[in-house]
Amino acid sequence: MTNPAASKGAAGIKAKHQRLVLVAIALVALIGAALLAIWGLRSQASYFYVPSDILAARPDPDRGVRLGGMVEKGSLKTEPDGVTIAFVVHDGKARVPVKFKGIVPSLFVEGSGVVAEGKLAADGTFVADNLLAKHDEKYVPREMKEMTEAQAKQVVAETQ
Amino acid sequence: MHGFANPARFLRIARWLMPLLMVSGVVLAAASLAWGLFFAPAEGLQGETVRILYIHVPSAWLGMGGWTAIAVASLTELVWRHPLAGIAARAVAVPGAVFTAVCLVTGSLWGRPAWGTWWVWDGRLTSMLVLLFLYFGYAALAQAASGAGQGGSRVPAVFGLIGAVNIPIIHYSVLWWNSLHQPPSISVGKSAMAVDFLVPLLIATVGFSLIFGGVVLARMRAILADIQAEARLRRKAGAAA
C-alpha cells in the first residue's frame with residue numbers, strides 16, 4: 001500500500017535537482033570543515049609574531065621565534081664593531097629592539113617590512129641570526145619614488 | 001549551455017576558436033612581456049627584479065583560475081551530467097599544473113633577491129604548493145577514471161570540488177595570517193600598483209589566459225578524438241567476434 005501523495009512528491013523532484021541539493025549539502029559541510037580547520041590554525045599558520053604578540057606572551061629566551069614588523073624610521077644604527085646592526089621593529093602598537101650581525105637582504109631599509117629569525121633575550125632585545133625583507137603591496141616606479149609627493153602629483157596631473 | 005552538449009557542434013566551434021585564442025594570446029603575451037622587460041620602469045625599492053612580476057602574477061592567476069574552472073566543470077558534471085564537463089575538467093588539469101609550477105618557480109627566483117630566501121613555509125607559499133599537489137592528484141585520478149571503460153567514474157569530479165576549498169585559502173592566506181608574501185596589490189576597483197606596472201601586467205594576464213583557453217580547447221579535441229578512436233576499435237572488435 002503506497003501513499004499516492006508521497007510517491008507523487010518524490011517523482012516531482014527532478015533527479016538533477018536532487019543531485020544539486022546533495023552537492024550543495026556536501027559543499028556546505030566541506031566549507032564548514034575548512035573554516036573550522038582555519039580557525040584552529042589561526043595562530044600556528046602565521047609565519048611570524050608582531051611586536052605586540054611577542055610582548056604579550058614572551059617566548060623563552062632559548063626558543064627560536066620569528067619577529068615581523070616595520071623597521072622604525074631613524075632607528076637603524078651600526079655598532080662600533082662595524083658588522084652588528086641595531087634597529088627597532090614596530091607594528092604601530094609596540095616596539096622591539098633588534099640586533100643582527102651579518103649580511104642584510106638588499107630590500108632591508110628603514111620604513112619597510114622585515115622578518116627577523118632569532119631569540120628574544122632576557123633583557124628584551126631580539127637577537128636575530130637571519131633577516132628576511134618583506135615587501136609591501138605598493139609598486140612605485142623608481143623615478144617617482146625619488147620625487148617629493150608634490151612633484152609626483154604634478155607629473156601625474158601633466159600626463160593625464 | 002546544453003547547446004554545446006553535442007560534441008560535433010563543440011568541435012565545429014573549437015576548430016576555429018582554438019587557433020584564434022592561441023594566436024591572439026601569443027601576440028598579447030609577447031607584446032606585454034617585451035613591454036614589461038624593456039619599457040616598464042624599475043620599481044622604487046626592488047629595482048629591476050620587479051620585472052619577473054609579468055610572468056609570476058599571470059601564472060598564479062591561471063593556476064588558481066584553472067582549479068576554479070575544474071570545480072565549475074565538476075559541479076556541472078555532477079549535477080547536470082553535461083557530457084563535455086568532465087572532458088573540459090580533464091583538459092584543464094595539465095595547463096593548470098604547469099602554470100602553478102611556473103608561479104612557484106618564478107616566485108622562488110624572485111624571493112631570493114627580494115626577501116633573501118628561495119623558500120619559506122608561510123601560508124601563501126605552502127597553500128600554493130598544495131595546489132600543485134592537488135593538480136597532480138587530479139591528473140592521476142582523471143587518468144585512472146578514463147582508463148576504466150567509458151569514463152563513467154565521478155570520483156575526479158568529487159575530488160575537483162573538494163580541492164576547490166584550497167582556492168580561497170590561497171587568496172586569503174596573506175590576509176588571515178602573517179606571511180612573508182605581500183598582500184594583494186590589485187583588488188576590485190583599486191590598485192596599490194602604479195599604472196606603469198599595472199597596464200603591461202593586465203595585458204600579460206589576458207594574453208596568458210587566451211593561451212590557456214587555446215590549450216584547453218586543443219586538449220579537449222584530443223580527448224574527444226581518443227574517445228572516438230577507442231569506440232571505433234571496440235565496434236570493430238565486436239564485429240570481428
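Which residues does A:Pro51 touch, not counting residues up to four places away in sequence? I looked this up in a predicted model, where local features need pLDDT of at least 70, side-chain atom pairs count only at pLDDT 80 or more, and totals for chains, interfaces and linings use all residues. Residues are numbered from 1 along each chain as its sequence is written, and chains are lettered from A and ligands numbered from 1 in the order in which they are written.

**Entry 1, A:Pro51.** I found that A:Pro51 touches A:Leu67, A:Gly69, A:Val89, A:His90, A:Asp91, A:Ala94, A:Arg95 and A:Val96; contact means C-beta atoms, placed from the backbone, within 7 Å. A:Pro51 sits in helix 3 (residues 51–56) of chain A; helices are DSSP runs of H or I, at least four residues, numbered from the N terminus. I noted A:Pro51 as buried because it has 23 C-beta neighbours inside 10 Å; the cut-off for buried is 20 or more other C-beta atoms within 10 Å, with C-beta atoms placed from the backbone.

**Entry 2, the A/B contact.** I read 36 residues of chain B in contact with 36 residues of chain A. On the chain B side, helix 2 (53–80), helix 3 (85–114), helix 5 (155–163) and helix 7 (195–240) each supply at least two residues. Helix 2 of chain B gives the most, with 4 residues.

I checked its span: 28 residues reach 39 Å from first C-alpha to last, close to the 40 Å expected, taken as 1.5 Å times one less than the number of residues. Helix 2 of chain B is mostly covered, with 22 of its 28 residues buried. B:Arg81 follows helix 2 of chain B and has a positive phi, near 55°.

How values were computed:
A residue is buried if 20 or more other C-beta atoms lie within 10 Å of its own, exposed if 12 or fewer, and partly exposed in between; C-beta atoms are placed from the backbone.
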